[in-house]
Amino acid sequence: MKIQTRILLLMVILLCLVVAGITANMFFFERQRLYRTASSRADIIIASIEFAIQESIRTSDEGILLGYLKHRMKVNPVIELAVVNFKGRTIAIGEPKSELYYRTIEVGESGEAITASGNAKPAASGAVSVELGFSKAVLEQLISQDHAALLSRLAAIGLAGLLLGIIGSWLISRKISGPIVTLAAAMRAAAEETASGRADGRGDEVQYLKAQYEAMSEKIRESAQFKEDLLLTLTHELNNPLAGIKGLLSVISDEKLRPGADKMRADCETMSSAVNIMELSLSNTLQMFRLKARPGLKIEEVVLNDLVDSVLRLMGPTAKMRGILVQREVPSDPVRIKGDQELLRRVVINLVSNACKYTPDGGVVRVRLDDSPDSVELSVSDNGVGIAPENREVLFTRFYRAADHGGKHERIPGSGLGLAIAKQAVDMYGGKIWVESEVGKGACFRVVLPKKRSAPAA
Ligand SMILES: Nc1ncnc2c1ncn2[C@@H]1O[C@H](COP(=O)(O)OP(=O)(O)O)[C@@H](O)[C@H]1O
Ligand SMILES: [Mg+2]
């Protein structure tokens, strides 16, 4: 639910409670006032009857009282019965049609008046008394008529208050939620611009801001962690070949230790291979940064035969040094594909260098290229340590390295970046990369790239 709707709803509920409270109080006090008015109307009638009694006593003419009573009962149908006791004589006027409520007026010889209400009649000690029977039904009807008017008046006041309150609440809720809504809209627009977050504009702004904040913090944390991991791996990876080169250089530069020409050539090949390892680590790290910062493809025509050959030339010294036979099975016709030359080179280098790295000295590495009308397939196989089934998916994850490489893990340097880069690149082409392997017998990495990409590179 939107924040403005929530605030509005809350304020309207509060408002309803306040309006209901005020109306209930007004109703209660007005009701009391109605009853007081009804009772004072009866008091006026009684006072006028007292006066008529006093006149009748003064003139000793009961006709005055009886006439007045008849007139009063005619104009005031609420009095249904009047029982007059005039100096010992009892005369009843009217006929009770409903339950009655009695008031008795009694006037003594000297003109003093005593009145009593309810059904308790005063002791007939005075000279003249009149017992008035007020109809309960008529009284109730009069009060309920007043009640109805009162209720409609209160309903009108309550409704007007509610309406004004809702307008006020709407304005206040807009004022409170305005900045949050603006911020959420800006974040939503930003999220829609980036491929990472498609925003749903219908939700609650506070929840949305919270989710965006969490996503943002997670991204920052992840990015910081990524850089830290990359730097640590790179430092660690450069350290070993660098130490090797340093050691060999100190031997070569020392006249007393300097080896013969053959050994010197071998040492130079070792150094060159160490430089290759360092170069590979650096390029992988740079590529990782590039893919993270700008995940996109440069599209140019690439001849894969040439690309494979240049990688084999680069890996040649390392393979030779380790007595690894590299077999090249590449068609004689050029295998062309539209793609990012540097990224594709990274894929091939990483697969070939892995094949050499995880194959014991004297092993065989085979690089094969197959062309078809719709796609090209590159496969790099070796007869090395192989890959356990549980590792075949996960080793394409950044920084992942198998725990054991045929018991030689400690000796094989690596960053766990090569296959992650290869997978990311292949995914960008809409292609597929997977590995087939038999543990202890070798591994075969296959890459299939479609010649026509269905979706633009992202
Ligand atoms: N040809 C292969 N034979 C056996 N294991 C391999 C092979 N290629 C890759 N792996 C396994 O996959 C892991 C990840 O490879 P990669 O991402 O290139 O990282 P790195 O080579 O730096 O360790 C390696 O550590 C290794 O365990
Ligand atoms: Mg590797």
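Phe-399 counts as partly exposed, because its relative accessibility is 24%. The residue sits in the loop between E10 and H8. Its phi is positive, about 70°, although Phe-399 is not a glycine. The model described here is predicted.

**Overall shape**

The chain holds eight helices and 12 strands. Its radius of gyration is 53 Å, whereas a compact globule of 458 residues would have one near 23 Å. Along the principal axes, the C-alpha atoms fill a box of roughly 165 × 55 × 40 Å. Of the 458 residues, 38% are buried. The chain exposes about 26000 Å². Carbon and sulfur atoms supply 60% of that area. Among contacts with a separation of 6 or more, 68% join residues 24 or more positions apart.

What span should H1 have at 1.5 Å a residue? Its 57 residues should span 84 Å, and the end C-alpha atoms are 84 Å apart, so the two values agree. Helix H4, residues 205-253, has 49 residues. From its first C-alpha to its last, H4 reaches 69 Å, close to the expected 72 Å. H4 also carries a kink of about 25° at Asn-239. That kink comes shortly before the proline Pro-241.

| Helix | Residues in helix | End-to-end C-alpha distance | Expected span |
|---|---|---|---|
| H4 | 49 residues | 69 Å | 72 Å |

Ser-60 lies in the loop between helix H1 (3-59) and helix H2 (62-75). Just after H1, this residue takes a positive phi of about 50°. Ser-60 is a residue other than glycine. Is Ser-60 buried or exposed? It counts as exposed, because its relative accessibility is 52% and the cut-off for exposed is over 50%.

Phe-86 belongs to strand E1, residues 79-86. At 7% relative accessibility, Phe-86 counts as buried. Which residues does Phe-86 contact, leaving aside neighbours within four places in sequence? They are Ser-56, Asp-61, Glu-62, Leu-65, Ala-127 and Val-128. Ile-157 is another matter. Phe-86 and Ile-157 are 71 residues apart in sequence, and their C-alpha atoms are 53 Å apart in space.

**Leu-209 in H4**

Leu-209 is part of helix H4. Its relative accessibility is 17%, so Leu-209 counts as buried, given that buried means under 20%. Not counting residues up to four places away in sequence, Leu-209 touches Ile-180, Leu-183, Ala-184 and Met-187. Take Ile-180 from that list. Ile-180 and Leu-209 are 29 residues apart along the chain, with 8.4 Å between their C-alpha atoms.

The contact list also has a helical look in its numbering. An α-helix has 3.6 residues a turn, so residues three or four places apart point the same way.

**Aromatic pairs**

How many aromatic pairs does a search of the whole structure find? There are three. One of them joins Phe-226 and Phe-289. Their ring centres are 5.9 Å apart, with 85° between the planes, and the pair is edge-to-face. This pair links distant parts of the chain. Phe-226 is in helix H4, Phe-289 is in helix H5 (residues 261-293), and 63 residues separate them. The two partners differ in cover. Phe-226 counts as buried, because its relative accessibility is 3%. Phe-289, at 32%, counts as partly exposed.

Another pair is formed by Phe-396 and Phe-445. Why is this pair edge-to-face? The planes of the rings stand at 75°, and over 60 degrees counts as edge-to-face. The centres of these rings are 6.2 Å apart.

Notes
Residues are numbered from 1 along each chain as its sequence is written. Chains are lettered from A and ligands numbered from 1 in the order in which they are written. This is a predicted model: local features need pLDDT of at least 70, side-chain atom pairs count only at pLDDT 80 or more; totals for chains, interfaces and linings use all residues. Side-chain values use heavy atoms; hydrogens and water are left out. Helices (H or I, at least four residues) and strands (E, at least two) are DSSP runs, numbered from the N terminus. The expected span of a helix is 1.5 Å times one less than its number of residues. The bend at a residue is the angle between axes fitted to the seven residues ending there and the seven starting there. The radius of gyration is taken over C-alpha atoms; the globule rule is 2.2 Å times the number of residues to the power 0.38. Buried means under 20% relative accessible area, exposed over 50%, partly exposed in between (1.4 Å probe, protein chains only). Contact means heavy atoms within 4.5 Å. Accessible areas come from the Shrake-Rupley method with a 1.4 Å probe; for residues, only the protein chains shown count as cover. Rings of Phe, Tyr and Trp (its six-membered ring) pair if their centres lie within 6.5 Å; planes under 30 degrees apart count as stacked, over 60 as edge-to-face and the rest as tilted.
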